[in-house]
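Work through these exercises with the structure open. Try each task before you read its solution.

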Protein chains: 2
Amino acid sequence: AVMERAHHGGGWLLSGIICINILILGCALVSGSAFNSVAITAVHRQIFVIVLLLLTMLWMLFYTVFTFRKDQAVLFKDSHAGPVWLRAGLLLFGLLSFLMDIFKIATYVGYLHCDSAVKVAFPVVQAVFLLIQTYFLWIHAKDCVQLHTNFTRCGLTLTLSTNLVVWMAAVTEESIHQTEIPDLNVSVSHKMYRASYGDKKCKCSHSACGTFKEAFYYLYPFNIEYSLFAAAMAYVMWKNVGRLVEDHSHHNVKFHPKDVCLGPLTGILLVVAGLVTFIVYEIYILKEGEEKTNKALLIHFIMNIVIVSMMSLSTIIGCIIYRLDHREHVSEKNPTRSLDVGLLVGASMGQFIISYFTIVAVVATGARGYLNALNLSWAILTVLQLGLQNYFIIEGLHREPFHVMQEAALHTNAHAFQEHAEMNPVVERNKSIYILTSSSHKLSLKRRVLKEVCAFLLLANIILWIMPAFGARPQFDHSIEIQFYKFTMWAAIVNIGLPFGIFYRMHSVASLFEVYLIS
Amino acid sequence: AVMERAHHGGGWLLSGIICINILILGCALVSGSAFNSVAITAVHRQIFVIVLLLLTMLWMLFYTVFTFRKDQAVLFKDSHAGPVWLRAGLLLFGLLSFLMDIFKIATYVGYLHCDSAVKVAFPVVQAVFLLIQTYFLWIHAKDCVQLHTNFTRCGLTLTLSTNLVVWMAAVTEESIHQTEIPDLNVSVSHKMYRASYGDKKCKCSHSACGTFKEAFYYLYPFNIEYSLFAAAMAYVMWKNVGRLVEDHSHHNVKFHPKDVCLGPLTGILLVVAGLVTFIVYEIYILKEGEEKTNKALLIHFIMNIVIVSMMSLSTIIGCIIYRLDHREHVSEKNPTRSLDVGLLVGASMGQFIISYFTIVAVVATGARGYLNALNLSWAILTVLQLGLQNYFIIEGLHREPFHVMQEAALHTNAHAFQEHAEMNPVVERNKSIYILTSSSHKLSLKRRVLKEVCAFLLLANIILWIMPAFGARPQFDHSIEIQFYKFTMWAAIVNIGLPFGIFYRMHSVASLFEVYLIS
């Protein structure tokens, strides 16, 4: 269904070179400003990012005004690109990032008399950028641009690399901020170190500074997520430039929620239980005291272990059914699917890394106690679950959809029916019709189990998404990894890995829904 | 020419999951042992690597004894895989790594009375592994395995991840070792900190320890290179499992060295000049004293700037010719070429990163003095050269070979000739023959310039390969980056980036030779 994209002009090559250069320069600047406080400061980095943001906005304006307006600029739309979950996520995280920028402006206005004005200018530019980019990606995510392809490619890689540089900067800032704890004693509470942010010599001129700071601290992870989402969408658009998509109608698969019940039911129960324990966990963590923290961790670990083991079990059942199932694999090439699989596997790396680092830390220190044992089992089960789930989703996406199979079967049946019609007309006919109607209205056992598994995994992924996305950080409440890897390194690992883990969960939900439909 | 690889069994998926797990576990262990000296030591890491090495050797044995012996196991050979430069490089670096292991064994035998026996066992196992793996890859690099595909895939990813874990461990060890300088004063000589390696409490029982240590220190970079080469070859083999290659004869392009002269001549002059300055640089660096070091750096920087600017200029000429040239782009899909391009671009990242970090450091500190200016210009020109060269090579590989074009033209001409033969037979015929003979025996100006550019770039890449591969490390002889990024970070960047840079240069040489042939 997809033709090879035209290859002339070499714009894709030039755009790739631009992307690499911006990214590596950004990387050098960010690490320079993180590890060296004398020559390069946050201000230099912010000026660089402001320039990138302005350039990207200029290009987006150019695209909407000139390229998009022309006839033949966008002849095709890729129906797979920019799915609704991605755009909704972008909007949600965009809004929260916008809020963060407002809080930032309010905070740094208070420091204007003794700190650089760039610190106010940066969130202002970023807020405008958020509005423009969210609008742009919302409208244009599905475009397969045919005009000015070289320039568009360069613009899109500029967008991609700008978002990744913002992401790098945010991750670094978040990690550095977390390490600004007065002492590395772990019993120190969230509140204590959150308050100590930024007030060294320069004092804030208005009283609400502390509140604003605490507010924008909470909103940082959403900005990190937003950048990742926007980068993913820009990448898909870049891949689609110049592509000629046959406008093949979406498989009209209807969603029959009645087909399944056990999976969704247990899934919803799990989500509710997860939400309850999550709220309890957050309340306990905010109350100080080691005993409370330990209780909170105990609840959180047990809940997560339950969720992850149930998921692993059901995925194993799903994989067994794949082995028994004789559906054909799709052999047709599909770039969107390859990209989806790539993003899925790539994003799962984040959680993989965190889990393995935990395993090594706990095993190496030979830590005793029920909390460490629970932490270790959680990490091992997560690794298992991630591997199984990746396998299940990728296998599922590569199978021939059931309804296509059915059509094929119908044709064969009709053919067979015609051949044998002369022999024993009445009996044969009744039987055949019976088979056809039964198979199209009632699901076979295998299909049903697959759908149950998908529905359950989908809901379980939602609760595993909610917990870290809205602030659960057991990685910092528990001391063993911090002591083992030192705080800086562990903060870097968690701050890079966890946003990818969150992205992975959302992506899994979308992919599982697709697998559900074609099963 | 290449059929889509069969997709059933999901062995490629399983092997991918195995690879990811080994890599991330390895990563966690290596960073654990690097940053935490209490719970995880080098011994734990070495035990892990020993297990991996033994497993890989077992699989290789299984492959040679069971899979390869069967009929139909290897029906096809990928003529593009495992090119001669890669295998020759593997052999060379393998030999030097083998030497390193022997020196290591000799050294750690002297510590046996007070240090772990694993430190002797590890080089022993590694030496055996080097022999077996080099033999295995030399013989089997071109195989497209058709039997036991799932098992073979898993075995190959095991090989791949083992090599990458060895690579990570070697890079870390090298970086840590370099940071064990008594003080971070940069005027400290190579010799001084090379001698201080490892002798803290445990004293060596034989007298040759110091010499052996110094020897295996010099050989470390070759081991890092060896692992990268082996990993690249294992990856290509993994990609080729189950592939059905049509045994299309190699384009019988002959290599006419007489076609070109200016390019090779300047190239050879450059190589000779580079070698001379390289030797002078090494002699000056080994003599102590800041003045000598500065003189050495001055020579090295100027030579590199000359090489890189000449390369950039000639690449620009080549790119202009591509714009003027109306050869078709190859539209056919070619996995080997995609892989080649991927490896080329990926490997160039290493040098890109080093150069950009240098630029940021020099610009940010606003360092004055001719050495800093030269360092900065070298870095900027290198970035330029890398971008241009990547563009040139990728464009060149994607063009239709000239001889194919000629055949097409011949056909068209013959056709036109037949059509018009009746009209004015004699004149037409003579003209046509004249055109044909002239175009096939003498090169057109465009083709000739392209070939000159390729030949020159090829030789220039060779000298840029020789200098870092045989020990030029101006990155550590010059103080600015070390002061800016702190020694640990800069050592990590250089030790990760430079081996990729060396790989990139070798890979470029091979690709440029291909471009030369099809131009």
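**Exercise 1. The fold of chain A**

Task: State how many helices and strands chain A has, then find what share of its residues is buried.

Solution: 
- This is a predicted model.
- Chain A has 17 helices and two strands.
- Of the 519 residues in chain A, 52% are buried.
- Now look at contacts in chain A between residues at least 6 apart in sequence: 89% of them join residues at least 24 apart.

**Exercise 2. One residue in its setting**

Task: Locate A:Pro474 and decide whether it is buried or exposed.

Solution: 
- Start with the element. A:Pro474 lies in helix H15 of chain A, residues 474-477.
- Next, the accessible area. The relative value for A:Pro474 is 5%.
- Apply the cut-off: buried means under 20% relative accessible area. A:Pro474 is therefore buried.
- Then list the neighbors. Leaving out residues up to four places away in sequence, A:Pro474 touches A:Tyr281, A:Leu297, A:His300, A:Phe301 and A:Trp378.
- Take one of these, A:Leu297. Along the chain, A:Leu297 and A:Pro474 are 177 residues apart. Their C-alpha atoms are separated by 6.8 Å.

**Exercise 3. Where chain A meets chain B**

Task: Describe the interface between chain A and chain B by its area, its residues and its polar links.

Solution: 
- Count the residues. 45 residues of chain A are in contact with 44 residues of chain B.
- Pick out the main residues. In chain A, A:Leu13, A:Ile24 and A:Tyr356 lose the most area to chain B. Together they make up 14% of what that side buries.
- Check for charged and polar links. There are zero salt bridges between the chains. Two residue pairs are in polar contact, both at pLDDT 80 or more.
- Name the elements. Helices H1 (11-35), H10 (335-365), H11 (370-397) and H16 (480-485) of chain A each give two or more residues to the side that touches chain B. H1(A) supplies the largest share, 13 residues.
- Sort by class. This side of chain A has 26 nonpolar, 14 polar and five charged residues.

**Exercise 4. How the copies are related**

Task: Find which rotation superposes chain A on chain B, and name the kind of axis.

Solution: 
- The rotation is 180°, with 0.0 Å of shift along its axis. The RMSD is 0.1 Å.
- The two copies are therefore related as by a two-fold rotation axis.
- Compare the contact residues. 98% of those in chain A recur in chain B, so the same surface serves both copies.

Methods:
Residues are numbered from 1 along each chain as its sequence is written. Chains are lettered from A and ligands numbered from 1 in the order in which they are written. This is a predicted model: local features need pLDDT of at least 70, side-chain atom pairs count only at pLDDT 80 or more; totals for chains, interfaces and linings use all residues. Side-chain values use heavy atoms; hydrogens and water are left out. Contact means heavy atoms within 4.5 Å. Buried area is the accessible area (1.4 Å probe) that two parts lose on being put together, summed over both. A salt bridge is a side-chain nitrogen of Lys or Arg within 4 Å of a carboxyl oxygen of Asp or Glu. A polar contact is a pair of N or O atoms within 3.5 Å; within protein, one must be able to donate a hydrogen and the other to accept it, and residues adjacent in sequence count only if both atoms are side-chain atoms. Helices (H or I, at least four residues) and strands (E, at least two) are DSSP runs, numbered from the N terminus. Ala, Val, Leu, Ile, Met, Phe, Trp, Tyr, Cys and Pro count as nonpolar, Asp, Glu, Lys and Arg as charged, and the others, Gly among them, as polar. Copies are superposed by least squares on the C-alpha atoms of residues with pLDDT of at least 70 in both. Buried means under 20% relative accessible area, exposed over 50%, partly exposed in between (1.4 Å probe, protein chains only).
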